[in-house]
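Please read the following note with the sequence and the model open side by side.

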Amino acid sequence: MAGIPNAGSAPTLEMVAARAGVSRATVSRVVNGSPKVSPDVVAVVQEAIAALNYVPNRAARSLASRRTQAIALVVPESTAKVFNDPFFATLVQGIGLALADTEYTLSMLIESEAAFDKTRRYLLGGNVDGALVASHHTGDHSYAHVSRSLPVVFGGRPLDPGEQVNHTVDVDNAHGAELAGDHLVERGRRRIAAIAGPQDMPPGVDRLRGWQRSLERAGLAIDLVGYGDFSPASGAEAMRRLLEREPSIDGVFAANDQMAIGAYTAILETGRSIPGDVAVVGFDDDQYAAMAVPPLTTVHQPSLEMGEVMARTLVRLIDGEDVPATTLLPTRLVVRQSS
């Protein structure tokens, strides 16, 4: 019978057209999401697609549109860090949510800066329609070069103002750190330390700068600074050194929640209490912050929204739309029992 596939054969575009009583071109327009088809006809075609269990030939569609319907997420970090830091999980979740109602699939490239030629060949070899770059460092200039030939959206501003990066989505790291510093000052803390993140990364620099501005505004010293790599172990080690150097520390701002949790260990192992002796504020508001003992006061970073906005911005870029060069997302303080 016309329009019904033989047993074992895959349904074709022509079969859908015959069943729906429309032309092959009309079915093609519906499959490709053209707005030039009336809602009634779209409904009829979709019913035929469902009845025949028709799956569009994406390879043929890609040849016709010169698109791969694929997007790369590049994360220039070690695999261990990516899978241990809750920030990346939330970011990827946001990207996935934004791409869920599109035809795009996501490929993830980790620790790619160490072998950039391989990554560059992949990105520029017709494998993807665009790329998202998260957690870039000062040395990751090569990804900015890729953006000259491929739509690219960066998660975070470039550290070097002279670096040519066309589109970025960032959070207001400096203002968030100011909120953290102001909160510790309002709590009556006067010897306030900071555990800063890597200084070759914009969040590390901006959060340290925000903390400094807050304390300078209050007339307090900004000499107590330790450094970590955003891991719990680095936060613990930095806190130990700070306490050895200045036992009178009564407050600490850590540039992410993971380092704040590490600082907890160093503070408690000396017999000090939180927040009685040392008040602690983190940054991120990851899923572990509320479960810490005591629950961690922190700056909420909209990581989920950041992933969503990055993905939507990239899709719009691929479609040839005008998008803002920079999107800055707000932060806010979440007060819990650690301060």
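**Notes on the predicted model**

1. P275 is found in the loop between α12 and β9 (279–284); helices (H or I, at least four residues) and strands (E, at least two) are DSSP runs, numbered from the N terminus. The peptide bond that joins I274 to P275 is cis, its omega being near 5°.

2. The model is predicted: local features need pLDDT of at least 70, side-chain atom pairs count only at pLDDT 80 or more, and totals for chains, interfaces and linings use all residues. Residues are numbered from 1 along each chain as its sequence is written, and side-chain values use heavy atoms, with hydrogens and water left out.

3. A cis peptide bond also runs from V293 to P294, with omega near -5°. P294 belongs to the loop between β9 and β10 (297–300).

4. The loop between β9 and β10 also holds D285. D285 is not a glycine, yet its phi is positive, at about 60°. D285 counts as buried because its relative accessibility is 19%; buried means under 20% relative accessible area, exposed over 50%, and partly exposed in between (1.4 Å probe, protein chains only).

5. Q69, in the loop between α4 (58–65) and β1, likewise is not a glycine and has a positive phi, near 60°. With 17% relative accessibility, Q69 counts as buried.

6. Helix α11 (residues 232–245) packs against helix α12 (residues 257–268) at an angle of about 45°, and their axes are 6 Å apart. Axes are lines fitted to C-alpha atoms, for helices over the stretch in contact, and angles run from 0 to 180 degrees between N-to-C directions. Residues of α11 in the contact include M239 and L243, and those of α12 include M259 and I267.

How values were computed:
Contact = heavy atoms within 4.5 Å.
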